[in-house]
Amino acid sequence: MKPLIIANWKMKLLPQEQERLARAFVAMAKNGQDTVSLVVCPSFESIGAVGRIFKGSPIALGAQDCFWEESGAYTGEVAPRALKKLGCSYVLIGHSERRVFLGETDEIVAKKVAAAYGIPGLQPILCIGESSAIRSSAAHLDFLKKQLTAGLRLVPRTKRVPVVVAYEPLWAISTAAQLVGTRGKPITADDCGEVYNFLKKILVRIRPASATAVLYGGSVDGGNALSFVRPGIADGALVGGASVHANEMKKIIHTLSGQ
Ligand code: PGA
């Protein structure tokens, strides 16, 4: 399987800036992107425009969130089927910024994951990750197991669907100061490998019929991507801060392509 690289543009750019960056990504994808699967998650207002720019390119479109109902009186929310209609094939669910700033619980995350799986061709990416307090008390594995199983709780065990999990320790996210008060710093590859193997073992047990991928996210850039995206450490990366810089993404893709 090719490494899966997800660019999460968060709420960092205005519509015109996202369209400009999307064009730069398409140009970049022409040389050397075929060794990774690249997904870009613009902010909601730009999904349509960015999707049009990506048409005919190998870059897949993703969203940063969705609601758990398919339609109805839910002011401000976005339905999974609407995302699919706009061309999204991925959707992030349970990102730590949503859990921390918007109060998303495991319960809400589980409903959103199940709703996304309800739309053929829309792949949820379940985001999980511990805080620094949990990590320093060495309770991270128990915590992650709980978040993982809770997030998949409403998807029937026998359902044969690919499962994609993004492991993002809160303290490693580049803008962690917003979340936990200290600047983010990536986890070590060994620590990432410990979590990767732990999550993979649980997934084999709880999703025996499914292909699974575990990605790493948290301060990934062109300089460190290769230390994470390799066998036994991570099947890909969720990239935030570095993903709004075309040159940094180019470096990530080139190092992973061995160029
Ligand atoms: P970062 O963000 O790469 O800026 O640390 C990752 C994420 O929050 O998805």
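Is Y167 buried or exposed? Y167 is buried, because its relative accessibility is 1%, and buried means under 20% relative accessible area, exposed over 50%, partly exposed in between (1.4 Å probe, protein chains only). Before the close-ups, a word on the model: it is predicted, so local features need pLDDT of at least 70 and side-chain atom pairs count only at pLDDT 80 or more, while totals for chains, interfaces and linings use all residues. Residues are numbered from 1 along each chain as its sequence is written, and side-chain values use heavy atoms, with hydrogens and water left out.

**View 1. F67, W68 and Y74 are linked into a cluster by ring pairs.**
Rings of Phe, Tyr and Trp (its six-membered ring) pair if their centres lie within 6.5 Å; planes under 30 degrees apart count as stacked, over 60 as edge-to-face and the rest as tilted. The whole structure has 5 aromatic pairs. One of them joins F67 and Y74, a tilted pair with 4.8 Å from centre to centre and 45 degrees between the planes. F67 counts as buried because its relative accessible area is 7%, whereas Y74 is partly exposed at 36%. Look at W68 too: the charged end of K111 sits over its ring, 4.1 Å from the centre. For that label, NZ of Lys or CZ of Arg has to be within 6 Å of the ring centre and within 35 degrees of the ring normal.

**View 2. Y167 and Y216 make a tilted aromatic pair.**
Helices (H or I, at least four residues) and strands (E, at least two) are DSSP runs, numbered from the N terminus. Y216 is buried as well, with 0% relative accessibility.

**View 3. T212 is another residue of strand β7.**
With a relative accessible area of 18%, T212 is buried. Skip its neighbours within four places in sequence, and T212 is in contact with V163, K200, L203 and D235. Contact means heavy atoms within 4.5 Å.

**View 4. C88 sits in strand β4 (residues 88-93).**
This cysteine is buried, at 0% relative accessible area. Leaving out neighbours within four places in sequence, the contacts of C88 include I47, L61, G62 and L122. V40 is 48 residues away from C88 along the chain, and their C-alpha atoms are separated by 9.4 Å.

**View 5. K10 and S219 both have a positive phi.**
Most residues other than glycine have a negative phi. K10 has a phi near 50 degrees and lies in the loop between β1 (4-8) and α1 (15-30). For S219, phi is about 60 degrees, and its loop runs between β7 and α10 (225-228). K10 is buried at 11% relative accessible area, and S219 is buried at 18%.

**View 6. V100, F101 and L102 make a nonpolar surface patch of about 280 Å².**
Like charges are joined within 9 Å, and nonpolar side chains (Val, Leu, Ile, Met, Phe, Trp, Tyr) within 5 Å. Accessible areas come from the Shrake-Rupley method with a 1.4 Å probe, and for residues only the protein chains shown count as cover. F101 is in helix α4 (residues 96-101) and counts as partly exposed, at 45% relative accessibility.

How values were computed: Patches are made of residues with over 30% relative accessible area and no salt bridge: like charges are joined within 9 Å, nonpolar side chains (Val, Leu, Ile, Met, Phe, Trp, Tyr) within 5 Å. A salt bridge is a side-chain nitrogen of Lys or Arg within 4 Å of a carboxyl oxygen of Asp or Glu.
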